Amino acid sequence: MAKVAIVMGSDSDLKKMEKGAQLLEEMGINYEMRIISAHRTPAEAKEFAEGAKGRGVEVIIAGAGMAAHLAGAMAAHTHLPIIGVPLSGSSLAGQDALLSTAQMPPGVPVATMAIDGSKNAAVFACQILALKDSEVEEKLLEFRKSMAAGVREKDKKLQK
Ligand code: RP5
């Protein structure tokens with residue numbers, strides 16, 4: 001059963017969103033991945049968000065470019081936490097998506113990552129799951145340790 005859902009507005013977003021999927025795989029988290037558009041397939045977007053909790057999904061990661069605002073559309077139809085990933089690729093280099101994702105009106109929030117920040121979205125999703133899943137918590141602690149080891153290794157090389 002997928003605990004995390006990754007949705008994106010188009011197959012042109014796939015390459016950027018795959019980084020998040022890869023992190024979830026490394027963490028051993030089951031996820032589902034869908035292409036659903038807030039403006040091209042609005043009925044599916046509504047159905048997907050409304051049914052997510054019933055399918056066992058605990059967090060939704062939503063990535064979209066331009067001003068499509070898929071994350072906000074997801075948030076409109078579920079009270080599950082939504083992590084928005086504004087995507088680059090537009091003539092505004094993702095600034096449009098960043099603002100439309102971050103600037104949600106009061107009452108219906110979207111946790112907004114950096115432009116193209118699908119990896120952090122996946123880490124954040126793990127942090128939410130880790131609140132009640134000690135195995136995920138353990139993996140997150142290991143992930144942090146390995147990042148720290150990587151930095152120390154780079155510093156060691158620099159000092160040689
Ligand atoms: C958004 O419009 C998608 O998330 C994508 O980033 C952007 C362009 O979509 P395509 O025209 O490449 O399908 O809905």
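**Pocket, crossover and cavity**

Biologist: Which residues lie nearest the centre of the largest pocket?

Modeller: Ser10, Ser12, Asp13, Gly65 and Met66 lie nearest its centre, out of 19 lining residues. On a 1 Å grid over the protein atoms alone, a pocket is an open set of points with protein on both sides within 12 Å along at least five of seven lines, a cavity is a set where a 1.4 Å probe fits but cannot get out, and lining residues have an atom within 4 Å of a point.

Biologist: What kind of model is it?

Modeller: It is a predicted model, where local features need pLDDT of at least 70, side-chain atom pairs count only at pLDDT 80 or more, and totals for chains, interfaces and linings use all residues. Numbering runs from 1 along each chain as its sequence is written, and side-chain values use heavy atoms, without hydrogens and water.

Biologist: What volume does the largest pocket have?

Modeller: About 240 Å³, taken as the space filled by probe spheres set on the grid points, which are joined across faces, edges and corners.

Biologist: Switching to the fold. In which sense do strand 1 and strand 2 pair?

Modeller: Parallel, with residues 4-8 and 31-35 joined over 5 bridges. Pairing takes at least two DSSP bridges. Strands (E, at least two residues) and helices (H or I, at least four) are DSSP runs numbered from the N terminus.

Biologist: Where does the chain go between them?

Modeller: From strand 1 it passes through helix 1 (residues 14-26) to strand 2, a right-handed β-α-β crossover. That is, the path runs clockwise with the strands pointing away from the viewer. Within the pair, Ile6 faces Met33 of strand 2.

Biologist: And Lys15, buried or exposed?

Modeller: Lys15 is exposed, at 70% relative accessible area. The cut-offs are under 20% for buried and over 50% for exposed, with partly exposed in between (1.4 Å probe, protein chains only). Lys15 belongs to helix 1. Its C-alpha is 9.9 Å from that of Asp116, 101 residues apart along the chain.

Biologist: What about the backbone at Asp116?

Modeller: Asp116 has a positive phi of about 65°, yet is not a glycine. Asp116 sits in the loop between strand 5 (111-112) and helix 5 (118-130). Its relative accessibility is 27%, so it counts as partly exposed.

Biologist: And Ala93?

Modeller: Ala93, not a glycine either, has a positive phi of about 55°. It is in the loop between strand 4 (82-87) and helix 4 (95-102).

Biologist: How many cavities of 30 Å³ or more turn up?

Modeller: The whole-structure search finds 1. The largest cavity holds about 50 Å³. Its lining includes Ala62, His69, Val85 and Thr101.
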